[in-house]
Amino acid sequence: MTSCCWRLMFVSIVLAFLSGCSSSVDEEQVDFMLGDMLEPFSPHSLDELDAKTTWIDQPVVDTLDRLRSYQVDQGPMPVSVTEALTIKNDSPENNTKIIGALGRVAPSDGQGVNYDDAVVVHTAGDLKSSNPIMASSVTDFEVGDLISPGLFTFDWEMQPLANAEMVVSWRTSDDRMVDKVVLRNDWTWSDGTPVTAQDVEFSFKVIMSSQVKPPAVRQGTDKIRWVKAYDDRTVVFFHKQALATNVWNVNYPIIPKHIYQETIDRDPSMTRSDEHSRLEDDPITSGPYVLAKRVRNQEIVLRRREGYYMHKGNQVRSKPFFSTVRYKIIPDTNTALLSLKAGETDVQILTAEQWQSQTEGDDFYERNTKITGLEWTSFHFCWNLKTPFFSDIRVRRAMSHVFDYDEMLNKIFYGLYTQGRGTFHPTSWMYPKEAPPAYRQDLDRAETLLEEAGWVDHDGDGLLDKEIDGRSVPFRFTVLTNNTPNGVKVCTLLKECLDKIGIECMVKPTEFTVLTQNMRDHKFQAAMGGWGTGTDPSTSLNIWGTDEGRNYGHYSNPRVDELFEAGVIEFDPSRRAEIYAAIHKILWEDQPYTWLFYRNSFYGFNKRLRGYKFSPRGPFTYGPGFRSLWTPAAQP
Amino acid sequence: MLNYLVRRLLIAFVTLLLVTFVIFGLVRNMPGTPLTTDPAMMDPSKQISPEDLRRLEKLYGLDKPWYESYFIWIGNLARFDLGRSIAQNNRPVIGLIGERVGATLTLSATSLVLTYLLSIPLGLWTTVHSGSVRERTLSTVLYMLYSLPSFVAALFLQILLAVKLGWLPLLGMVSDDYASLSGLGKAWDIFCHALMPVACFTYGSLAYYTRFIHSNMQEVIRQDYIRTARAKGVPPRRVIAHHAFRNALIPLVTLIGLTLPALLSGAVILERIFTWPGMGSLFFESISQRDYPVIMGLTLVFSILTLLGQLLADLLYAVVDPRVSYS
Amino acid sequence: MDTDRTTIKDSPSRGFWAEAWLRFRQRKMAMMALYYIGFLCLIALLSPAIAGTKPIVCRYKGTLYFPAMGYFNRRWEKPVFQRDRFYRIYPTNLQKNDPNSWAVWPLVYQDPYRRVRDGEWDDRPGNPTGTDGQPSRRNLLGTNQQGFDVFAQMVHGTRIALTVGFVSMGIAATIGVFVGSLAGYLGGWTDVLLSRLIELVMCIPALVLILALIAIIDEVTTWHLMAIIGCTSWTGIARLTRAEFMKLKQLEFVAAAQAMGASHWRIMFRHILRNALAPILVPISFGIAAAILIESGLSFLGFGAPPPNPSWGTLLSSGRATIEQTWWLIVFPGAAIFLTVLAYNLIGEGLQEATDPRLRQAGQ
C-alpha cells in the first residue's frame, strides 16, 4: 500500500505544478502607444500663436542669487562665524544667531569655497527609483532634486518660478491657457547630448501613456492638454482650463528622449527590461550631479557633473559646491545620531527628543551644530463623522476642549512646537487676518457641550452614554495612531483627559500600512494623523472636499466645496488669500479635526557646513534647497 | 534508509505547499496592499488617482482573488521564477534575497557556531563543578547577560566601542572603501564590522544553552553505567566527555535542528540597529510594505531551511542513538 | 493470634508530587526563589495600595468607598466621583466637596498611567519630564520621559510580568508536551502526521501572525499577544518531548506497564512523562522569563499592548531613546527582569532535582 500511496502523491504533485505552469501570468504583449491618454489636439503654428496671444512675463530666477540678495537685504550677520560656531543652540535667539551667521550663502564668484569637499547626508530609506518619472519615496525626490531637477521650481515663499539655470524665458498668455518656455542652448544630458524641447514633450507623453505607471507625478500633469516642441528650444504648454494651479502643473520631470524612445517600446513599465535595469543604476540625467554609485541599502553616491556648469570650455553656470554628495542609509534614528556625533555623517534630521536631550553635550557640539526652522507640517486628531459619536459638532468641539494642550506642548514636546490653529499655518498667506482664538483645556465646557448633545451617564456606570435608536450606546471608541513614540504619547494624553470626564478611549498603535488603508476605507472612529504642505493650498481640496481621496473622516460642507472651486480659478493674490482664509475659518468652526500642533524642522549639521535656509517644507525640497549648502575652504 | 529519505522529501514538499498556502492567504487578507503607502506620503499634492490605482492593481495581479494569485505564484515557482518585488521597483526577488543571504549567514552562522563552541564546554564545566561557588557565580553572570535585551546592549556597545573609543565601526557590514581593499583587507573589514553584532546575537543564548546541557547532563550522570565507569576507575574527564556527554546528545541534536531556522529568520532588531543588510530586516520591511512576492520568497527559503533542519535532526538521531532506526 | 500480626503500620505512599515537594523544600535556593515569586504575587495583588493616586478607602458624604479598586476594573471606581467632577484628582476634591471626608492613601502617591501634576498633593510640584526625572525623594525610581513614575509602573507592571510568562508558556507547554508525547510514544502514522503538524507551525513566522492579529482584532491586549507567542513556540518543546519519549519507550518499565495492562494514556502521562521532564524544564523555565523580554522586544518593534502599558518591558525599551542620561529606565526594570529570570530558573533547577527519582536512591 505504502509505495503505491507515495507514487500517487508524487504524480499528483507534479500534475499540480504543471497545471500551475500553464496559468501563469503573461507579460502584456500589447504594443506600446505613446501618450494614448491624450485626446488629439492640433496646436497652431508658433507664428499664429504669437500673433493672437498677449504674453505676460513670468519670473525666471536663479534661486541661489535670489537667496543671496535676500540675505544681503537682511543686513549684516548678527554674530561672527567664529562666535556662531561656539554657541549652543538652546534658545530661539541663539538659533537666529546661528542661522544668521552660518546660513550665509557663498559669494557669487565662489571665492573661499572648498570645491573638493564631499558631504554625507543621512537618509532613512533607500532610493526606490532613479528614474524621476517613477519617483515615489522621499529619498527619490531628494535625490531627484539634485540629479534631475525640472524646468520649474519655487522659492522659500512658495512662489512658482522657472529655473534660470535651464530656462531663458517663460511667458504665460493673458487668458492663462498657454505657457511658452524657451530653454537655454547650453544645457546637456550627462552623456553630452543637448537637452531639447523634444525631451520635454516626450516626457509629457510618456507620463500620459496608460501603460506607464508613474506612482506620483501624473497628478497635476494630467491637467495639461498638450505639450508641443516647436523647435529645439521652444516648448509650449496648452492647458485644459484657466486655473491658478497651472503654474504648478507644468512642473513635471524630464527624461532623455534619445535614450528612452528606443527602450520604452519593449518595456513600458521602465523597470523590468535589462536595459532599464542598467539605466536604474547608471541613469542619463540633466542635473548638476550624476548618480555615480549605488550600494543597495547602504549608500547612494552622487558626483558633480562638469558638463553641467562647463559648456564648450566656458563656465556657464555656477559650479555646484560639493564634488560628491553621499546619502548614507541608516534606518535606526539612535544609530544615525551616533553616526552624526562621530562625524561620519554631516546632515541629519533630529527628533524632538534628540533635540532636547541628546544634542546638548560636548560630544555633540564637538563636531556639529543644530538649527531649527518653521515647517508647515501639522498634526491632528481626525474624527470620523459617520460614527454616532462624532457626527455631532458639539461633541467634536467638546473633544477640542477636553485635550490638555499645555501638557502636550510643554511636557511631551518640551516647548519646541506651537499649538495648531487650523489647517493653514499662521505664517502662511492663506491664514485669516483675524484668526479665531486657540482652544484651551476646559473640562467644564466640554461636559456642558456633551450634555447638550445628549451624552450623560444615565446608567451610573461611570461612562457617558446616549440613547440612539432605542439602544443605550456607551461613549467608548478607539483612536488609531502610528507606531511612533510621539504619536503614542499624545494619544495616551488624550485617553487620560477623556478618562476624567467619563469617556473611554482605547489607544491602538498601528502599522503605517494598516493605518493608511483603514483610514482610506473609513474603517476607524478616530485617528491621529498629520499633513505636510503642498505648494499650493488648492491641493487641500483632497482633504476637505466632499468624497475626496484624503477626506478620511467623511467631512462634507458644500460651502467649502464651492470656495475651493472658486479659489482655483482666481488669479488675484489678495482675493485668493481671502477665499482660502474663509475656508480656514469654516473648517475651524466645524472642527472635523482637533488640530494639535505644528511640527518644526530640526536638523543637525556638521560645523564645517554653511548656507542652510529653511522653507515651510524643510531645508531641501525647494529652490535653492540643497544647492545652497557649501563648505568654506580652510583658512591659511 | 533511502526509502525513508525519499519519503521525507516528498512529505516536505507537501508541507511546503501547505505552509506557503497558509501564509499567502494570511498576508493577502491582512488590511493594506503594496499600493497603500507608496504614494501616500504626507504631501497632499502627490496622490495617485483612482484610475491609475486600478491600473496598478491589475498589473500586480491584486485584482484577482488570493487563491487564484497563489496558483499563479506556484506556477511561476515551478519555473524557478520567484517574481518581482512590488515595493522595490520591480527588482527580481531572487536578486533581493541573494544580496542578503551572505550577510545573514555571516552574522547567524558565526553566532551559532560560537554559541555551541562556548556553551558545550561551559555546560560540561558546570556539570562537573555543580553546586560550587564558582559554578553559581558563573550561572548568575550568564543569567544577568540573558536578562539584558539585545537592543539595549547593542546601544551600549555602540556608544562605548564605536563612538567614545572608536575601536570598532559603528554600523554596516563593510566600510565605504571596501571595494578598494585587498582580499585580506576585505576579510578584516568584515570581521571588524561583525564583532559587535555577533557578540550581541550570541551573549543572550549562552545562558540558555549552558543550562540546557547542564540539566541534561545532570540526569545522565546519575545513571548506573556512570557509577560503574567511575567504579572501574575511569578518569573523571573521560567519564564526562566520553560516557556521559554522548547520552545527552539526543536533546542537543533536537536543539540543533530547531536553531537552523533561526539562522535565516535573523535578528530583525539587531539588523536594524547595526544597519546590517540581512534577511531579517528585508522580511520586516516587506511585511510592512505588503510586498507579497518578497514575503513569499523569504517564507519559502525560511521554510525549506526549517524542514531541512528537522530532517537533519531526525537523521542524526539514528546516528547518535543505536536504538532508533528508520528501516 | 494477635502477636502474629505485624505491627508495622502501613503508611500509604505520599504520591509522586508530595514526595517531590518535600525534596524541593530542602533546597534553600529554590525555596528563596519561590518566596521571591510569592513576594511578587503579593505586590501584584496589593499594587493599588502600594502606589496609586486613588485612596484605598475613603468616607465621602457618609458612605465608604474603595476607589483604588478602579485600578483593577474601571467599574469599581464609583460614579459618584464622576458626577461631582473630581476629574480623577482626589486629594483636593475630597476636601473641597466634603470637609468631613477622610481617606487612607496608598504608600506612594504616584500613578503608573499618567503624570502627577503640580499641586495635586500638598503643593508638591508635578513630576519632571524628559531626562530630568532622576530617582529622587518623590520619585523613588525616577520618571520616564513623559513624567510617569517608574516605581508605580514597576509595581503595577508586576501583574503583567507574572502572568505573561504563565500564559504563553502554559499554552506552549501544554500543547507541546501533549503533541510531542503522542508523536514519540505512538510512532507510526501518528508520528508522521504530528511531526508534519509541528513542521507546519514551525515554518509560519510568528511576526506575520502577530501582525495579522493586530490588524484583525480591535482591542489587542498583552494576553492576545502572549497567546500567539504560546501558540507558535510550542514546537520546540514538542520536538524535545518527542525525542525523549522515543528514547524512553524502549525501556523496561514501559514494557512492564504494558504487560500489566495499563492504557496508553496512563503509561504516557503517569509513567514516562515524569522521567522525560529534564530536557523540557529548561525551555519552560527560560520561556516564562523570556516572555517578559519578548514583550519588550515587541514594544521596541512597535507592537505591544495598548498604551499606557506599565510593563517592565515597555519601560526598558522606552529608555533606549535617551540611554545616556536615563540610566534608571534601564537599570531598575533590568534588575527586576534579572531577578525574575534567576528565580524561575532556580525553581526549574529545584524541580528537576526534586522529581528525579535517581536522587532518592542516592540517599538525598
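Two strands count as paired when DSSP finds at least two bridges between them, strands being DSSP runs of E with at least two residues and helices runs of H or I with at least four, numbered from the N terminus. In this predicted model, β2(A) is joined by 2 bridges to β5 (residues 160-163) of chain A, and the two run parallel. Val60(A) has Ala162(A) as its bridge partner in β5(A). The open sheet here has 3 strands in the order β2-β5-β4 (chain A), with mixed pairing. β2 (60-61) and β4 (152-154) of chain A sit at the edges with a single partner strand each, so one side of each has no neighbour in the sheet.

Local features need pLDDT of at least 70 and side-chain atom pairs 80 or more, while totals for chains, interfaces and linings use all residues. Residues are numbered from 1 along each chain as its sequence is written, chains are lettered from A and ligands numbered from 1 in the order written, and side-chain values use heavy atoms, leaving out hydrogens and water.

On to the domains. An automatic or database assignment sets the bounds, dividing chain A into domain 1 (3-18 + 37-367 + 607-628) and domain 2 (374-600).
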